[in-house]
Amino acid sequence: MRDRMVAHIKSLQQTITTALEHLEPNPSQKNFQSSFYLRDNQKGFGDSRVLQDGETFEKGGCNISVIRSTLSPAAVRQMRAERFDWWDGVSDLPYFVAGCSLVVHPRNPHAPTIHFNYRYFEILDPNNPDAPPKAWWFGGGTDLTPSYLYDDDARHFHSTFKKACDAHDKSYYPKFKQWCDKYFFIPHRGESRGVGGIFFDDLSDRDPEHLFKFVRDCSNAFLPAYYPIVEKRKKMPFTEEEKRWQQLRRGRYVEFNLVYDRGTKFGLAMKEPRTESILMSLPLTARWEYQPEVGTVNGTREKKILDILKKPVEWA
C-alpha cells in the first residue's frame, strides 16, 4: 500500500500542476517551481511546487511528502487519543505517511480558492518497527472557498465529489460533507471558511484496497471539479472594492489555518518541520480591517455569502 500511495501522489501532483499551468496566459513563462528534497537516513522525500505572482493564480502550491520518521509526544497528541490506548504517553512513535496537499489562491476575486489533502498514515510498533503497523488509516478531502458565490459553481463542485463518493458508498458524501462543514468552521467568527466539500479522517473500517481506490478517485476529481470554474471566472472584470473583499476573506482563511487547522499544528509539531512547505497554504496577500462595513449591508453579494457561511447549504 505504501508504494501504491507514493506512486499515486507523484502522478497526481504532476497531472494537476501541468493542468493548472495551462490556465496561465503564458504557461511557459509562469509555472510551478519545484523544491525537491531528500530526508536523511532513508527518511523519505518531498516535492513542494509553487506558482507565485501569475496572472491567473496569485499563489498556488501542490506538495507531496513521504516521511519515515518518529512522532514526538507533542505530535501524537494532535491525533485521536483512542488510537493510542497502547502507547505509554512518553515514547516517540515510528510512523510512515505519504500525502499530497494543494492550495490555490486565484487573483480574480470571482474565482474561488481551493484546498485539498489526501494521505495514508501508518503508526508502527516502537519495539518492532518491521512488524505490521499498530494502526493505519486514510484521510483527506477537498473544499471550496469563494469570495463571491456563484450557485452554479458550488453545485458543480459538490456534484462532482458526490459522484466520486457515490461510486464507493452512497453514505459517504452526506457524511463527509457534514464533516467538512463542521471541520472548517471558524468559532471566533461564527462562520465557515468556505462552502465546504468533503472531509474525512481515520478511514480504516474496511479493506485498504477499497479505501485506496476511494481516495484515488476523490483526488482525481479535483481537476474536473475546479478547472472549469477557474476557466470561466479568471477573466471576469472586477472592482477595487471586490478585490478588497477578497483580501478580507483571505484574512479569514489565514485565521483558520493558523489557529485551528490540525494539519498545520501537526506539521509544526513534527521533528525538523519544513516550515515553508507547511505554510504554503497561506495566501500571498490578505487584509484585516477593524469592523469593516462591507458584508453588513442587506441585498449585497458580500452579505449573501456571509449569510451562507453562517448556515451551510446542501448543494448536491
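In the predicted model, T160 touches A221, P224 and A225, with residues up to four places away in sequence not counted (contact means heavy atoms within 4.5 Å). T160 lies in helix α3, residues 151–166; helices (H or I, at least four residues) and strands (E, at least two) are DSSP runs, numbered from the N terminus. T160 counts as buried because its relative accessibility is 16%; buried means under 20% relative accessible area, exposed over 50%, and partly exposed in between (1.4 Å probe, protein chains only). Residues are numbered from 1 along each chain as its sequence is written, and side-chain values use heavy atoms, with hydrogens and water left out. As this is a predicted model, local features need pLDDT of at least 70 and side-chain atom pairs count only at pLDDT 80 or more, whereas totals for chains, interfaces and linings use all residues.

The strands are described next. An open sheet of seven strands has the order β1-β2-β3-β4-β5-β6-β9, with antiparallel pairing; two strands pair if DSSP finds at least two bridges between them. The edge strands, each of which pairs on one side only, are β1 (33–38) and β9. From one strand to the next, the twist averages 5 degrees; axes are lines fitted to C-alpha atoms, for helices over the stretch in contact, and angles run from 0 to 180 degrees between N-to-C directions. Helix α3 packs on this sheet, where α3 touches β5, β6 and β9, and its direction makes about 30 degrees with that of β9. Helix α6 (residues 222–233) lies across β3, β4, β5 and β6 and runs at about 165 degrees to β5.

Strands of a sheet pair through backbone hydrogen bonds, either parallel or antiparallel. Strand β5 (residues 113–123) is joined to β6 by eleven bridges, and the two run antiparallel. Within β6, D143 is the residue opposite H115. Strand β6 also pairs with strand β9 (residues 196–203), in the antiparallel sense and over six bridges. Here G140 stands opposite F200 of β9, and T142 stands opposite I198 of β9. Both strands are mostly covered: in β6 (residues 135–145), ten of eleven residues are buried, and in β9, eight of eight residues are buried.

Elsewhere in the sheet, 14 bridges join strand β3 (residues 57–71) to strand β4 (residues 93–106), and these strands run antiparallel. The bridge partner of I64 in β4 is C100. C100 counts as buried because its relative accessibility is 1%. The structure holds zero disulfides, a disulfide being a pair of cysteine sulfur atoms within 2.5 Å. For C100, the closest cysteine sulfur is that of C62, and the 3.8 Å between the two sulfurs is too far for a bond. C180 is likewise in no disulfide, with the nearest cysteine sulfur, that of C165, 11 Å away. At 1% relative accessibility, C180 also counts as buried.

C180 is one of the buried residues of helix α4, among which are also Y172, Y173, F176, K177, D181 and Y183. Seen down the axis of α4, the buried residues fall within an arc of 170 degrees, so they line one face of the helix; the arc is that of the directions from the helix axis to the C-beta atoms. The exposed residues Q178 and K182 are carried by the face of α4 turned away from its buried side. An α-helix has 3.6 residues a turn, so residues three or four places apart point the same way. The twelve residues of α4 (residues 172–183) should span 16 Å at 1.5 Å a residue, which agrees with the 16 Å between its end C-alpha atoms; the expected span is 1.5 Å times one less than the number of residues.

Backbone geometry was also examined in the loops. Most residues other than glycine have a negative phi, and most peptide bonds are trans. D53, although not a glycine, has a positive phi of about 65 degrees. D53 lies in the loop between β2 (44–52) and β3 and counts as partly exposed, at 46% relative accessibility. Q291, a residue other than glycine, has a positive phi near 45 degrees. Q291 is found in the loop between α9 (275–278) and α10 (301–310), and its relative accessibility of 64% makes Q291 count as exposed.
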